[in-house]
Amino acid sequence: MNDKSFDTGDPHLRAALMRGLVSRRSAMMGAAGVGAAAFLAACGSAGKNPSTGAGGSGTAAAKTAAAAKDMSDTEKVVNWSNWPAYIDVNDKTKARPTLDAFTKETGIKVNYTEDYNDNDEFYAKVRPLLEAGSDTGRDVWCSTDWMVARLIRNGYVQKLDLANIPNHTNLEDSLKQVTFDPGRLYSLPWQSGFAGIAFNPKATGGKKIESVDQLLTDPSLKGKVTLLTEMRDTVGLVLMAMGKRIDSFTDADFDAAIAELQKAKDAGQIKGFTGNDYTKPLASGDTAACFAWTGDVVQLRADNPSLGYTLPQTGCTLWSDNFVIPALAKHKKNAERLINYYYDPKVMAQVVDYVNYISVVKGTKEVLDKLDPTVSSNQLIFPSADTMSRAQVFRGLTAAEETKYNKKFQALVTG
């Protein structure tokens, strides 16, 4: 991809993204409130209570998750909790085609519940049960990367039996090795997305904003820039602009990134930190440029086609929401069969065609080349190798790191 700014003005894509990407985030914000957006964002948020063991460093300090007697062979059911508006839907009948097809194919009924409105809120619901060694009533759910790290470390999720998920080999190569779950023993991605830079050309004097440095230092943008209250995206984008990798940075690197942000704030460059409430000011031009999530901007472009979006050459954050199976789940094998089903490219293509997140399953693009070329050709859904080479996943944090980094970031945001 040569052009660093994506052209997402296609009306078909806009409609699909409004239906999928944006509705999920909007539903989440409606449930949690904009003021807490940093901690409730789908693309990963810091734990609000460090004493709960926020973050995690992968499996190194993981406890062994308790396993219940698996009732899958006698009880043809699986209980799946997921984010709102995050699966294919027949807009006329409101049915969920792929779920219905799974039941028809396997005889397993799916109790699909859209009760995962944000990571911390969901964790607060299931943690007391998991801590007490009780069944959560759920067999599978989809958690964001950093939450997976926490669940693994605390022994709240079980290892996957990949013999029941032969399609796991279809996982995109770029997502196979992650620091929060080395070897993908406990998790497999459901969908992925990016964070980058949005800008309003009317407020920038027609200038494209193509780098983090430009956003933080360009005098013409002074007082018209907002950053995200989501630590992993804001600090992550700055770390990459400094030439650091966000999957292996040090305390000194983090402090250096905070110092750069503080310098920009002290200089009056930054007018504030926001959740996805950056959208209206961006659309009106009150905000000239900001860190932003892809779907929000595509929705805005339905009415403001001139709005620009950049994934910086220095790197962009990549996040995933991941299938995990909780401790004491009663239908583990059924859950694994469900995961395997969605790792069939033909099935995942139906989901991606509706929700328009980044596909995590190899072969999906080839299916959509025939089914829906406007989706298969879009870089925000099927990024090129060049784009993916610039995308990085924020590393898992220990509980101590989570507490320390959150304190420093919140001092920047609120100070």
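How many of the five residues of strand 6 are buried? In this predicted model, four of the five are buried, so strand 6 is largely enclosed by the rest of the structure. Strand 6 pairs with strand 5 in the parallel sense, and the pairing runs over four bridges. Within this pairing, Leu 227 stands opposite Phe 273 of strand 6.

The protein as a whole contains 16 helices and 10 strands. It has 415 residues, and 58% of them count as buried. Among contacts with a separation of 6 or more, 78% are made by residues 24 or more positions apart. The accessible surface comes to about 15,100 Å², and carbon and sulfur atoms account for 52% of this area.

Helix 8 covers residues 251-266 and has 16 residues. The distance from its first C-alpha to its last is 22 Å, close to the 22 Å expected at 1.5 Å a residue. The buried residues of helix 8 are Asp 253, Phe 254, Ala 257, Ile 258, Leu 261 and Ala 264. They lie on the same side of helix 8 because they cover an arc of only 135° around the axis. An α-helix has 3.6 residues a turn, so residues three or four places apart point the same way. Exposed residues, namely Ala 252, Lys 263 and Asp 266, are carried on the face of helix 8 turned away from the buried side.

Several elements cover the buried residues of helix 8. The cover includes helix 6 (212-217), helix 7 (231-241) and helix 16 (399-414). It also includes strand 5 (225-228) and strand 6 (270-274), the two strands that pair in the parallel sense. Just after helix 8, Gly 268 adopts a positive phi of about 85°.

Helix 11, residues 332-342, is likewise described by its burial. Nine of its 11 residues are buried, so helix 11 is largely enclosed by the rest of the structure. The buried residues of helix 11 include Ala 335, Leu 338 and Ile 339. Lys 332, Glu 336, Asn 334 and Asn 340 are also buried, as are Tyr 341 and Tyr 342.

The cysteines were examined next. A disulfide is a covalent bond between the sulfur atoms of two cysteines. The structure holds zero disulfides. Cys 290 counts as buried because its relative accessibility is 0%. Cys 316 also counts as buried, at a relative accessibility of 0%.

Conventions:
Residues are numbered from 1 along each chain as its sequence is written. This is a predicted model: local features need pLDDT of at least 70, side-chain atom pairs count only at pLDDT 80 or more; totals for chains, interfaces and linings use all residues. Side-chain values use heavy atoms; hydrogens and water are left out. Buried means under 20% relative accessible area, exposed over 50%, partly exposed in between (1.4 Å probe, protein chains only). Contact means heavy atoms within 4.5 Å. Accessible areas come from the Shrake-Rupley method with a 1.4 Å probe; for residues, only the protein chains shown count as cover. The expected span of a helix is 1.5 Å times one less than its number of residues. The arc is that of the directions from the helix axis to the C-beta atoms. A disulfide is a pair of cysteine sulfur atoms within 2.5 Å. Two strands pair if DSSP finds at least two bridges between them.
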